[in-house]
Amino acid sequence: EFGGRQIVDAGGVFERRDVAAGKYTITLRAAGYATQSTEISIAPGSLNDRVFTLGRAGSLRGRVTNERDEPVANVRVVAKTMKRADGVDSDEAAIRRHWSDAMLGESGTTDQDGRYVISTYPDGPCRVEFSHDDYNTEPRDDITVARGSELELNLKLAPGLVCEGIVTSRADGGPTQRMLFVRGLDAENKHVQKSEMSDENG
């Protein structure tokens, strides 16, 4: 990354011509492959032509059910490195990570049979979080999957608490449609992140 992002073409080739001389770290990320970072030095007026080889990432799969052993669809499953899991993102960063995880295969969603796949499992021990609007968010810590291998992790979810209310406008006090973003703040529930849009009745 030269202070930005570059997408390779169908042949795996990328090129940047607006790079000043100096030292850089190139980070390569692709769905299904382990992330790789390499430091390079670029001399003035030079062409740095390199071949990078990416190894297959580990993958995590499994099935999510409820207390009656019924499959639960639309459960979001996210793998986070332990360092990242212990940190606290801003609301904007949390939303940005949500889309990044999905695009690079570091998250998954269960199908109608409750099955999910994370095709790009990060290196090192991770926290795997299972979340659904109708169930308690369940984290599993220190889950490691070696590069090129596959691990199965099944889980049962318990029903969560229900939060209901009406969103009103400060201007006229009437109901209004707004995006609600709920985050846990203490040590026990800081991994909880849920969002919902209020309807036309607030």
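Visitor: Let's begin with S59: is S59 buried or exposed?

Guide: Buried means under 20% relative accessible area, exposed over 50%, and partly exposed in between (1.4 Å probe, protein chains only). S59 has a relative accessible area of 14%, so S59 counts as buried. One caution before we go on: this is a predicted model, where local features need pLDDT of at least 70 and side-chain atom pairs count only at pLDDT 80 or more, while totals for chains, interfaces and linings use all residues. Residues are numbered from 1 along each chain as its sequence is written, and side-chain values use heavy atoms, with hydrogens and water left out.

Visitor: Where is the place of S59, and which residues does S59 touch?

Guide: Strands (E, at least two residues) and helices (H or I, at least four) are DSSP runs numbered from the N terminus. S59 sits in strand β3, residues 58–65. A contact means heavy atoms within 4.5 Å. Leaving aside residues up to four places away in sequence, S59 touches I118, S119, Y121, V145, S149, E150 and L151.

Visitor: Let me zoom out. How many helices and strands are in the chain?

Guide: The chain has two helices and 12 strands. Reading from the N terminus, the elements go β-β-β-β-α-α-β-β-β-β-β-β-β-β. Of the 202 residues in the chain, 31% are buried. Contacts can be read for the chain as well: among those with a separation of 6 or more, 56% come from residues 24 or more positions apart.

Visitor: And what does the accessible surface of the chain come to?

Guide: Accessible areas come from the Shrake-Rupley method with a 1.4 Å probe; for residues, only the protein chains shown count as cover. For this chain the accessible surface is about 13400 Å², and 49% of that belongs to carbon and sulfur atoms.

Visitor: How do I read a strand pair, and in which sense do β7 and β8 pair?

Guide: Two strands pair if DSSP finds at least two bridges between them. Strand β7 (residues 126–132) and strand β8 (residues 135–143) are antiparallel, with five bridges. One of the bridge partners to look up is E138 in β8, which goes with F130. Between β7 and β8 there is a hairpin of two residues.

Visitor: F130 has a ring. Which ring does F130 pair with?

Guide: A pair of aromatic rings is described by the distance of the centres and the angle of the planes. Rings of Phe, Tyr and Trp (its six-membered ring) pair if their centres lie within 6.5 Å; planes under 30 degrees apart are stacked, over 60 edge-to-face, and the rest tilted. Here the count is one aromatic pair. Y116 and F130 have ring centres 5.7 Å apart and planes at 80°, so the pair is edge-to-face.

Visitor: What lies over the face of Y33?

Guide: A charge sits over a ring if NZ of Lys or CZ of Arg is within 6 Å of the ring centre and within 35 degrees of the ring normal. For Y33 that residue is R56, at 4.3 Å from the ring centre.

Visitor: Now salt bridges. What does the count come to?

Guide: A salt bridge is a side-chain nitrogen of Lys or Arg within 4 Å of a carboxyl oxygen of Asp or Glu, and the count here is nine. Take E129 and K80, whose closest N and O atoms are 3.3 Å apart. This pair links distant parts of the chain: E129 is in strand β7 and K80 in strand β4 (residues 76–81), 49 residues apart. E129 is buried at 7% relative accessible area, and K80 is buried too, at 13%.

Visitor: Which residue forms a salt bridge with D123?

Guide: R147 does, with 2.5 Å between the closest N and O atoms. D123 is in the loop between β6 (115–121) and β7, and R147 in the loop between β8 and β9 (150–152), 24 residues apart. D123 is partly exposed, at 38% relative accessibility.
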